[in-house]
Amino acid sequence: MGFHYASKKKTEWYLTAFRELFNYASKAGKEVALFFHDYKAEELSEFRKKVHLIEHEADARRKAIIERLMEDHFLPFKRSNIYALLNLIDDITDAIEEISLRLYLYNFSSLPHDCYEYMQLNLDCLDQCRGLLDQFKRKPDRKLLTPFIDRIIALEEQGDAEYLNDVTILHRETKDPLIIIEASEIYSKLEEVSDACRELAAFLLALVYKRGH
């Protein structure tokens with residue numbers, strides 16, 4: 001997992017590209033949170049299309065980065081790690097899109113209990129990931145990264161507790177098994193966003209530890 005010491009000018013492009021790719025995850029997350037704030041079932045189709053378009057743009061950007069990666073010899077660290085990092089960022093965007101897709105498929109007339117609050121937690125997690133990537137330099141300083149990582153871990157654990165609480169309430173207060181199944185899946189997709197954020201944070205921390213800083 002060692003870092004390569006190519007020139008800063010030639011490797012900074014990748015660090016910028018990571019942040020640019022993550023912008024799509026942030027944009028998708030804000031789109032979901034905005035829709036949750038003023039939920040209208042009749043707009044589910046348009047909402048799904050908006051989030052899918054963001055995810056599609058993210059895929060195109062990721063593809064362009066990978067094409068350069070396959071040919072470039074000036075890398076900030078190993079090619080395999082750059083590829084893995086791109087995939088982890090992509091996983092976050094995909095997890096957010098899955099929320100919009102499930103809502104559209106199940107055509108909820110109203111949001112399941114606590115979804116808006118849960119998505120706010122995910123937005124906080126996304127903000128912390130953005131801060132983490134901003135601090136992830138060519139020669140990253142673990143002391144600068146640690147506060148963001150600690151916050152992401154705390155939020156992911158809070159998300160786990162939120163998921164358990166919401167699903168428990170759902171099973172105790174709802175009699176319709178179909179509603180239980182569908183709403184549980186929405187909660188699961190919300191949880192996957194914070195899980196994916198924690199995976200990203202863990203991977204970046206592992207890179208720094210391997211480097212010995």
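Start with Glu-55, which is found in helix H2; helices here are DSSP runs of H or I with at least four residues, strands are runs of E with at least two, and both are numbered from the N terminus. This is a predicted model, in which local features need pLDDT of at least 70 and side-chain atom pairs count only at pLDDT 80 or more, while totals for chains, interfaces and linings use all residues. Residues are numbered from 1 along each chain as its sequence is written, and side-chain values use heavy atoms, with hydrogens and water left out.

**Helix H2**

Glu-55 is buried but has no salt bridge. Buried means under 20% relative accessible area, exposed means over 50%, and partly exposed lies in between (1.4 Å probe, protein chains only). A salt bridge requires a side-chain nitrogen of Lys or Arg within 4 Å of a carboxyl oxygen of Asp or Glu. The nearest side chain of opposite charge to Glu-55 is Arg-62, 8.2 Å away; Lys and Arg count as positive, Asp and Glu as negative, and His and the chain ends are not counted. Show what surrounds Glu-55: leaving aside neighbours within four places in sequence, Glu-55 is in contact (heavy atoms within 4.5 Å) with Thr-93, Asp-94 and Glu-97.

Now select the whole of H2, residues 44-71. Its 28 residues reach 41 Å from the first C-alpha to the last, close to the 40 Å expected at 1.5 Å a residue; the expected span is 1.5 Å times one less than the number of residues. Colour the buried residues of H2: Leu-44, Phe-47, Val-51, Ile-54, Glu-55, Ala-58, Arg-62, Ile-65, Ile-66 and Leu-69.

**The nonpolar core**

Next, select Phe-18, Phe-22, Phe-36, Ile-92, Leu-103, Leu-190 and Leu-200, which touch the most other members of the largest nonpolar core, a set of 66 residues. Such a core is made of buried Ala, Val, Leu, Ile, Met, Phe, Trp, Tyr and Cys residues joined through side-chain atoms within 4.5 Å. At least two residues of this core come from each of helix H1 (8-37), H2, H3, H4, helix H5 (142-173) and helix H6 (177-211). H6 gives the largest share, 14 residues.

Centre on Leu-103. Not counting residues up to four places away in sequence, Leu-103 touches Phe-36, Tyr-39, Leu-44, Phe-47, Phe-108, Leu-111 and Ile-186.

Select H5, whose 32 residues reach 46 Å from first C-alpha to last, close to the 46 Å expected at 1.5 Å a residue. Among the buried residues of H5 are Glu-156, Gly-159, Glu-162 and Asp-166.

What does Arg-198 form with Glu-156? The two form a salt bridge, with the closest N and O atoms 2.7 Å apart. This pair links distant parts of the chain, Arg-198 in helix H6 and Glu-156 in helix H5, 42 residues apart. Arg-198 is partly exposed at a relative accessible area of 29%, whereas Glu-156 is buried at 8%.

**Other salt bridges**

The count comes to eleven salt bridges. Select Glu-98, Arg-102 and Glu-185 together to see a network of salt bridges. Then go to Asp-38 and Lys-40, whose side chains meet in a salt bridge of 2.5 Å, N to O. Asp-38 is partly exposed at 44%, and Lys-40 is partly exposed at 26%. Another salt bridge joins Arg-68 and Asp-72, with the closest N and O atoms 3.4 Å apart; Arg-68 is partly exposed at 34%, while Asp-72 is buried at 12%.

**The loop between H3 and H4**

Select Asn-107, in the loop between helix H3 (79-106) and helix H4 (115-135). Its phi is near 50°, a positive value in a residue other than glycine, and Asn-107 is exposed at 51% relative accessibility. Asp-114 is found in the loop between H3 and H4, with phi near 75°, a positive value in a residue other than glycine. Is Asp-114 buried or exposed? Asp-114 is buried, at 15% relative accessibility.

Asn-81, in helix H3, is buried at 7% relative accessibility.

Finally, colour by pLDDT, the predictor's confidence in each residue from 0 to 100. The chain mean is 91, and 93% of residues reach 70 or more. Over residues 1-6 pLDDT stays under 50, and the model has 25 contacts beyond four places in sequence for them.
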